Amino acid sequence: MSATPAGTFREESGRLAGDLEHRRRIASAMGKYETARGPRQGAFLSWELGRQALADTKWEAVNRLDEHLERFEKEATARGTQVHWCRDAAEARDAIVGIIRRVGARRIVKSKVMTSEEIHLNSLLESLGFSVVESDLGEYIQQLKDEPPYHFVFPCMHLSREEISGLFHDKLGTAEEHDPEALTMIARRVLREKYVEADIGITGANFVVAETGMISITENEGNARLTAALPRVMISLVGIEKVVPRLGDLALFLPMLATAGTGQPLTCYNTFYGGPRQPGEADGPEEWHVILLDNHRTELLADPEQRDALHCIRCGACLNVCPVFRAIGGLSYGTTYQGPVGSVITPHLRGLQDWKHLSGASSLCGACTDTCPVKIDLHHHLLHNRRNAARERGGVERWVWKAFSFVMRRPFLYRMGMRVARLMRPLHAALLEGGMLDPVRAWTMSRELPELAEETFRERWKRRG
Ligand code: SF4
C-alpha cells in the first residue's frame, strides 16, 4: 500500500468503489436515514429559518470566540472545574497524561470523543500501559476491530450483524448471535463492568455554553452519562469551536442536530455538565477537567474565506448525502472527520500539502451544502482548497494551465493545436509505453484521454455547407 495519504486514499477509494456489497450496505443505511429525516425535518415550522438561526448563532460564537471561551472558563472555574488551554495535540496529550498520573489512575473509559481520535489518544495511553475502553457501542466494536471510526456519527455502519457477531465471538468468546438486541446486550454486560472499574472517564462535548460554564452532550445509549458519572475523575476534551453563547441557544441546536444527524426529534439523552460534585451532592466526579483544544482551529479562524467551517456541529448529514462518501466509505479518507466536512477541514488541521487530494473527493453537486443545518458552504470551500493547493503547487502544472488558457482564448492557436493533437495521437500509446508520460502519471491515471474526433466541428460545418 502507498505510504502517502494521497496514495492510500487512491488505493482504498478505488478498492471500495468497486466493492458492490459495501456500496449496498451504505446505500441501505442511508436509505433508512433519509426515511427518518424527511418527516422530522418537515415537523419544523421552517427548517430554512432554523438553519439561518443556527448559522447566525455560530457566526456570533466563532467571530467572538475569545470572549466566549473566556466567559466559559470564568463560569466553569467558579464551580470548581479545571480548564486547560491546549494549543496542539502534544499539549492536550501532556495535559491528559499529567492528570491521569497525578490521580494514580490505571483504567479509563471513554464515550465517543472525536477530538481524541484527532490527537491519537488511545494509542498513546495504551503505549503507556493504561487500559482504555470505548463505551459507545459503535466505537467499542471499532476498537475491538482495531479500526478507526468509519463515520463520526455511525462508527461501524459498514459492518453486518454477522461480522459483529464473529468479532464478539473472537474477541469476547461469546456464542454466535445475530440478533442486534442480543449483540447489544453482550456489549452492555462487558461495558457495565468497565464503568464501575474505571478511575477516569473521558468525554467530548457537543456544545460548550459560555453563559453558564457548562457542556452539553447528546447521545442515544446513555454511555456518556455513565462515563461522566461513575469514575471519580472526568476529563472532557473539546474543540474550541464547540462554543455557543447562551444556554437558550440549545433550544434550537439540540433538535436540529438530532434531526440532521439521525432523523430523531431529539437524541435519547441530553445532559448538561456544570462542574464536579458539589458539597452535599450524592454523585458525580470529584474532579472535572475541560481540555480546550485548538489544534490549528485558530488558523482556520484567521481565514475569513473559510472561517465558517468552524460552525460545524458534527451532525454527519453532509456525509450521508455525499455520493462520493457513499461510494468510497469513511475509512478511505484516512482522517478523523470524513466526507465533505472532513475534506474541507483536514487540509487546515493537518496540512494542505499532504491532504489537498481530499478536495478532489467531491462531485461538487452541492448536496452537502444544501443539507448542512448550519449552512456551511461546503462545496465552495472544497473549490477554495483546490485553488489554494494549485497556488501552492506552482511549478509545471501552473505553466501548463497558463499555456492552455492562452491557447483556448485564441481560435487560431486552438485550431492549430487540434491539428497537432490529431497528428500526435498515434504517438500517445507509444509515449505511455516508453514511460515518457511518467512525470504526469498521477494526473493521467485517474483520467481517460478522450478519443479525438476524425474531424472537428468547424471542419464538419464547412464540409456540410
Ligand atoms: S458540515 Fe454541516 S452537515 Fe456536515 S457535519 Fe458539519 S454541521 Fe453537519
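Predicted model: local features only at pLDDT ≥ 70, side-chain atom pairs only at ≥ 80, totals over all residues.

Student: Okay, which residue in S3 is the bridge partner of Val109?

Tutor: That's Val133. The strands here are S2, residues 107-110, and S3, and they pair in the parallel sense over four bridges.

Student: What holds strands of a sheet together in general?

Tutor: The strands pair through backbone hydrogen bonds, and the pairing is either parallel or antiparallel.

Student: In what order do the strands of the six-stranded open sheet come?

Tutor: Read across, the order is S1-S10-S7-S4-S2-S3, and the pairing is parallel. At the edges sit S1 (82-86) and S3 (131-134), each of which pairs on one side only. Neighbouring strands in this sheet are turned by 20° against each other on average, direction ignored.

Student: Which strands does helix H5 lie across?

Tutor: H5, residues 89-102, lies across S1, S2, S4 (200-203), S7 (233-239) and S10 (287-293). Against S10, the helix runs at about 170°. Angles here run from 0 to 180 degrees between N-to-C directions.

Student: What about the open sheet of four strands: what is its order?

Tutor: That one goes S8-S5-S6-S9, with mixed pairing. Its edge strands are S8 (243-244) and S9 (269-273), and each pairs on one side only. Look at S5 (residues 207-209) and S6 (residues 214-219): they pair in the antiparallel sense over three bridges. Val208 stands opposite Ile215 in S6.

Student: Now the ligand. How many residues surround it, and which are the closest?

Tutor: There are 13 residues around the ligand, and the closest are Cys312, Cys315, Gly316, Cys318 and Cys372.

Student: How does that shell divide by class?

Tutor: Eleven residues are nonpolar, one is polar and one is charged. Cys counts as nonpolar in this scheme, while Gly counts as polar.

Student: And what is the space taken by the ligand?

Tutor: That space is the largest cavity.

Definitions and conventions. Residues numbered from 1 in each chain as written. Heavy atoms only, no water. Near = heavy atom within 4 Å. 1 Å grid on protein atoms, 1.4 Å probe; cavity = no way out; pocket = protein on both sides within 12 Å on 5 of 7 lines; lining within 4 Å. Sits in = over half its atoms within 2 Å of the grid points. Pairing = 2+ DSSP bridges. Helix = DSSP H or I, 4+ residues; strand = E, 2+ residues; numbered from the N terminus. Contact = heavy atoms within 4.5 Å.
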